[in-house]
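I opened this notebook to keep track of what I looked up in one structure, entry by entry. The sequence and the model come first, and my notes follow.

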Amino acid sequence: MSGVAHVSRVRALYKRILVLHRFLPLHLRALGDQYVKEEFRRHKGVTEVEAGRFMVEWENYKDTLQAQVLEAAGRGPGSVKFGADLPEQRLSDFQNEQIGQLYELMLESTKPNKQFDVREDER
């Protein structure tokens with residue numbers, strides 16, 4: 001794939017994920033947006049092999065989230081659990097840094113006092 005086509009594909013995926021995040025509960029949206037931005041920025045200069053794996057994983061995330069958003073639209077807000085369980089065997093493919101990131105993300109997404117105090121405008 002040419003460099004221009006790859007950049008275009010990455011941008012489209014990035015934008016689609018951020019659009020899907022608009023349907024998440026506010027605290028998850030803020031956390032998710034920050035995480036996506038950092039991860040895409042962090043992977044700008046990776047090898048072609050790493051970029052391929054990165055894109056596959058984020059395409060899977062997008063597909064899962066899109067299905068959950070559509071399910072929530074059919075059932076109503078609050079009726080769908082966003083996210084997916086990570087099989088233990090997949091963790092063996094992760095580097096120590098990635099496991100640490102996952103752990104921090106899990107802690108942040110499940111703590112009672114959210115780091116982000118995002119409120120919708122009341123009009």
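Entry one, the largest pocket. I looked up the space in the largest pocket and found about 1900 Å³, where a volume is the space filled by probe spheres set on grid points that are joined across faces, edges and corners. For the word pocket I noted the rule: on a 1 Å grid over the protein atoms alone, where a 1.4 Å probe fits, a pocket is an open set of points with protein on both sides within 12 Å along at least five of seven lines, and lining residues have an atom within 4 Å of a point. This is a predicted model, in which local features need pLDDT of at least 70 and side-chain atom pairs count only at pLDDT 80 or more, while totals for chains, interfaces and linings use all residues. I also wrote down that residues are numbered from 1 along each chain as its sequence is written, and that side-chain values use heavy atoms, with hydrogens and water left out.

Entry two, its lining. I found 44 residues lining the largest pocket, and Y35, L86, F94, L102 and L105 lie nearest its centre. By class, this lining has 22 nonpolar, 13 polar and nine charged residues; Ala, Val, Leu, Ile, Met, Phe, Trp, Tyr, Cys and Pro count as nonpolar, Asp, Glu, Lys and Arg as charged, and the others, Gly among them, as polar. Helix α3 gives the most to the lining of the largest pocket, with 11 residues.

Entry three, the second largest pocket. Here I noted about 580 Å³ of space and a lining of 20 residues, of which H6, V7, V10, H43 and K44 lie nearest the centre. The elements that each give two or more residues to this lining are α1 (3-21), α2 and α3, and α1 supplies the largest share, seven residues.

I counted five helices and zero strands in the protein chain, taking helices (H or I, at least four residues) and strands (E, at least two) as DSSP runs numbered from the N terminus. Of the 123 residues of the chain, 21% count as buried, which is to say under 20% relative accessible area with a 1.4 Å probe, protein chains only.

Is Q68 buried or exposed? Q68 is found in helix α3 (residues 48-75), and I list Q68 as buried because its relative accessible area is 10%. Leaving out residues up to four places away in sequence, Q68 touches V80, K81, F82 and G83, a contact being heavy atoms within 4.5 Å.

Terms used:
Buried means under 20% relative accessible area, exposed over 50%, partly exposed in between (1.4 Å probe, protein chains only).
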